[in-house]
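Dear colleague,

Please find below the structure that I am handing over to you. A short account of the findings follows it.

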Amino acid sequence: MSTTESPMTTSDPTHGRAAQETLEDYTLRFAPRSYRRWSPAVVATTALGGIAYLADFSIGAGIGLAHGTGNALIAIAVAAVVIFITGFPLAYYGARYNIDLDLITRGSGFGYYGSVLTSVIFASFTFIFFALEGSIMAQGLELGLGLPLWLGYLVSTLMVIPLVIYGMKALSKLQVWTTPVWLVLMVAPLVCLVAHDPGTVDRFLSYAGTDGDGGVDTASVLLGAGVCLSLIAQIGEQIDYLRFMPPKTPENRRGWWAAVVMAGPGWVVLGALKQAIGVFLAVYILAEVGPDAAPEPIQQFRSAFDAMLPSWVVVPLAVVLVVISQIKINVTNAYSGSLAWTNSFTRVTRHYPGRLVFVLVNLGFALALMEADMFSFLNDILSFYSNCAIAWVVTVATDIGVNKYVLKLSPLRPEFRRGMLHAVNPVGVVAFVAASGLSIALYFHALGDTLQPYSPVAAAVIAFVLTPLMAIVTRGRYYLRRPDDGIGEALLGPDGNPSALTLDCHVCHEPYERPDLAACRTHNAVVCSLCLSTDKVGDHVLPARPSDA
């Protein structure tokens, strides 16, 4: 390599600040072994703590009230199976190679800039669900403390900021310590309710819904499944924690796999159970509060607590459950959303503004949705959004499962560094755009009312078919821009885990582990992935072919 001086030989203050800020949560980069000190069980508990949200109860209630219990339960089960199957390869790659879903997406069919599309989709997921959980908390604060909804929205937004600033260390403590309390408050009233009034189960199972006659209807099932499938992007938030898994070894193999499966795709088992409980509670309180309030978790749990506790403690305890649930999920929504926005902004502008900026941006979007009363048209928002989310996740999962392991046209090891990837890979981009575009057209009745319920099915099928087809057509030429990163030491160890070898970055002068580095184009040195992302003139980015210099 040449040792010619370049405009970026000296350390830029922006690079130094970015390097220091991202060492807490490893925004935009590989999570090194030196930081990943948690056991598989702690990582799994932290990841599962993030799904303590109450939106599942509202989603299940909305589907059940509209289509009846039978259709709702089948829709929930169908969505859960799809989410589990597609989430498994993504969770494995995140935990095995210690990178988040955006970094996985870059090397799994989308390219370095192509995955900006999906980062925006994921960021949208986080603020939509932040707004949903914030709305639920505001309903609780209105019932328990008399706060007007607009003020409750503001309180639910501002209270997570101090918690989310500090990244994985703070979030792991919060999730581990609050999970037992949350489980007790959620499960105990349901058990008592069924024990004291077994007739509630019969009423639940026989409920026909406002749009149904009690029978199972394919269109109703698919419409319900489409709403549930909006949660398919939740796997991205699970991976934001799973990327901190320790290396997989013969000694921890069973615990490692158990943690990855339970906290990765396994989140949907608990999610589906909560959705079914949401249907049950909505049917239980329907006569008391009416169809408008029945999907509200605060009303559901107020009635459930009322069946087992003195009246003076019912509302305060229901409010406590709502607040704990909202905090547990919305610190995750704010955290993951800030990572997604930062990823997109840094790649497009080649400037790192700091993750806190995008914490505030994400919260601003969420607050605007809450103030616009998104809760009243929840199912419409989720049904529309699910088409984009399904297209993205199915495309990446298919690239991993089919293109990498069956066709062997996609590199088995994920790549995310600038210079190593093409700017855009048509395999994933074409599959995603076609699947989401056509499914959205179906959703808006472009091909008639009969096909409208099939939009989520179309998104999944088109993505599943086009992803390997595009890989075959392009013969896998657009995955890697160059075959090696110019560093002699191996990227992976003999056990398949990322190497823990540490080298200093030439630009920011910080030490990083081997997978986060690539050789410098103009110096006999190495550069970290974030400094490559913020290299405005491409001075350090390796050429498309190995240089003879």
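I begin with a pair of helices. V43, T46, A47 and L48 in α2 meet Q238, Y241 and L242 in α12. By class, this contact between α2 and α12 comprises 5 nonpolar, 2 polar and no charged residues. Please note that the model is a predicted one.

Two packed helices are described by the angle between their axes and the distance between the axes. Here, helix α2 spans residues 40-49 and helix α12 spans residues 234-242; they pack at an angle of about 150 degrees, and their axes are 9 Å apart. Because angles over 145 degrees count as roughly antiparallel, α2 is roughly antiparallel to α12. The crossing of α2 and α12 is right-handed.

I turn next to the nonpolar cores. The largest one has 136 residues, and L90, F129, L281 and W392 have the most contacts inside it. The greatest contribution to this core comes from helix α16 (residues 311-349), which gives 15 residues. Another core, of 19 residues, lies apart from it and includes L28, C508, A518 and L542. As for L281, its contacts beyond four places in sequence are F57, L190, L193, Q300, F301 and A304.

Finally, is L141 buried or exposed? L141 has a relative accessibility of 6%, so this residue counts as buried, the cut-off being under 20%. L141 belongs to helix α6, which covers residues 116-145. Setting aside residues up to four places away in sequence, L141 touches G146, L147, G152, V155, V319 and V323. Between the C-alpha atoms of L141 and S39, which are 102 residues apart along the chain, the separation is 37 Å.

With kind regards

Methods:
Residues numbered from 1 in each chain as written. Predicted model: local features only at pLDDT ≥ 70, side-chain atom pairs only at ≥ 80, totals over all residues. Heavy atoms only, no water. Axes fitted to C-alpha atoms, helices over the stretch in contact; angles between N-to-C directions. Helix = DSSP H or I, 4+ residues; strand = E, 2+ residues; numbered from the N terminus. Parallel < 35°, antiparallel > 145°, perpendicular 65-115°, else oblique. Left-handed = near helix turned anticlockwise from the far one by under 90°. Contact = heavy atoms within 4.5 Å. Nonpolar A, V, L, I, M, F, W, Y, C, P; charged D, E, K, R; others polar. Buried < 20%, exposed > 50% of the residue type's maximum accessible area, 1.4 Å probe, protein only. Core = buried A, V, L, I, M, F, W, Y, C linked by side-chain atoms within 4.5 Å.
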